[in-house]
Amino acid sequence: MEKQLHLNLLAARPPMPGGFQSSSKMKMGPGRRRDFTPLSWSQYFETMEDVEVENENGKDIFRVYCSGAHGPVLLLLHGGGHSALSWAVFTAVIYSRINCRVVAMDLRAHGDSKVKNSEDLSADTMAKDIGKVVEALYGENPPPIMIIGHSMGGAIAVHTAAANHIPSLLGLCVIDVVEGTAMDALNSMQNFLRSRPKMFKSLENAIEWSVKSGQIRNIESARVSMGGQVKKCEECTRSPMVSNSIGEGIIEEEEEEGEESNKKRMKEDDQEMKKESMFTWRVDLAKTEKYWEGWFKGLSSLFLTCSVPKLLLLAGVDRLDKDLTIGQMQGKFQMQVLPQCGHAVHEDAPEKVADALATFMVRHKFTDFKEGYMC
């Protein structure tokens, strides 16, 4: 299998061996059927608001989710195609460990943000968005801010830090994005995107696909974050590209179905899909291709030039490129590998990511552990 960065252009690694394939069946083992019903953002964040910022073409609106009122701000930037909700479970965990505030934002053209020019996803424009949102939230004297980004969001975090769009920047944390691996992956990314279902019969169906395909390995996170990746598609009609894959490719945990039973269930699914609105991806990632190189080219050297303390969290040590390997040996940043995770590290292992970040921030005296928390 080709090495892919997993740019979070899909924000996912390719399925694991034996994992979901649309043309084959996968047994999930005995036991009860898992719950794929959506979870609300309000179970993980305290508030949600739309932040209005001025630009040359008028006003842009960015959706942000927040928790906490004291301590340094953790500004969370999601990967391509995802939304701020990908940080939901992580937010609940990190907020229980250290004194902090959390701000997770939907980036331009993602989630529920609404911008005048949704086609401009250049690194420069997105980095400026971050600075504008921080200024809109906190004025000219923002509190200390630790910027944390995953995949595409990690690249934008580096560009934001390097351009000094956040004057009160404390530190920088980048999760599972490395220039060398990213650039290697670009040639195969369109094929990867084409392999995904184009539509889903329900949000539950999308959540189920995300878990069983290996895109998100933590079912709780998938239940809250997939709503930020897909949207209801009222005008969609059933086509061969609709995700039959769940009905055809996976045998549920409850029991194996005979051929007749399976055909009956597929017929019922067809009828159900005609009655309900279907869901499709919020972002057509294939159309963002012209910006991919700008996100990642030169990223390693840019990361190393940022003067603030830096943390790099990776799903595998094989992702390090030459510049980062040398920088790591020279002690220019702290690195931690979190094995047994997919590309969506903060979703798959929110507690491990929270522990690594909390330890980093306390070590640098950015904050303290909460009273009563045993690290």
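**View 1. Packing of helices α2 and α3 in the predicted model.** Helix α2 (residues 123-138) packs against helix α3 (residues 152-162) at an angle of about 75°, and their axes lie 9 Å apart. Axes are lines fitted to C-alpha atoms, for helices over the stretch in contact, and angles run from 0 to 180 degrees between N-to-C directions. Helix α2 is therefore roughly perpendicular to α3 (a term for angles of 65 to 115 degrees). Ala123, Met126, Ala127 and Ile130 of α2 meet Met152, Ile156, His159 and Thr160 of α3, where contact means heavy atoms within 4.5 Å. This contact comprises 6 nonpolar, 2 polar and no charged residues. Ala, Val, Leu, Ile, Met, Phe, Trp, Tyr, Cys and Pro count as nonpolar, Asp, Glu, Lys and Arg as charged, and the others, Gly among them, as polar.

**View 2. The open sheet.** Its 8 strands follow the order β2-β3-β5-β4-β6-β7-β12-β13, with mixed pairing. The edge strands, β2 (47-55) and β13 (334-337), each pair on one side only; two strands pair if DSSP finds at least two bridges between them. Helices (H or I, at least four residues) and strands (E, at least two) are DSSP runs, numbered from the N terminus.

**View 3. Strands β2 and β3.** Strand β2 runs antiparallel to β3 (residues 58-67), and 9 bridges join them. Val51 stands opposite Phe62 in β3.

**Notes.** Residues are numbered from 1 along each chain as its sequence is written, and side-chain values use heavy atoms, with hydrogens and water left out. Because this is a predicted model, local features need pLDDT of at least 70 and side-chain atom pairs count only at pLDDT 80 or more, while totals for chains, interfaces and linings use all residues.

Key: Parallel < 35°, antiparallel > 145°, perpendicular 65-115°, else oblique.
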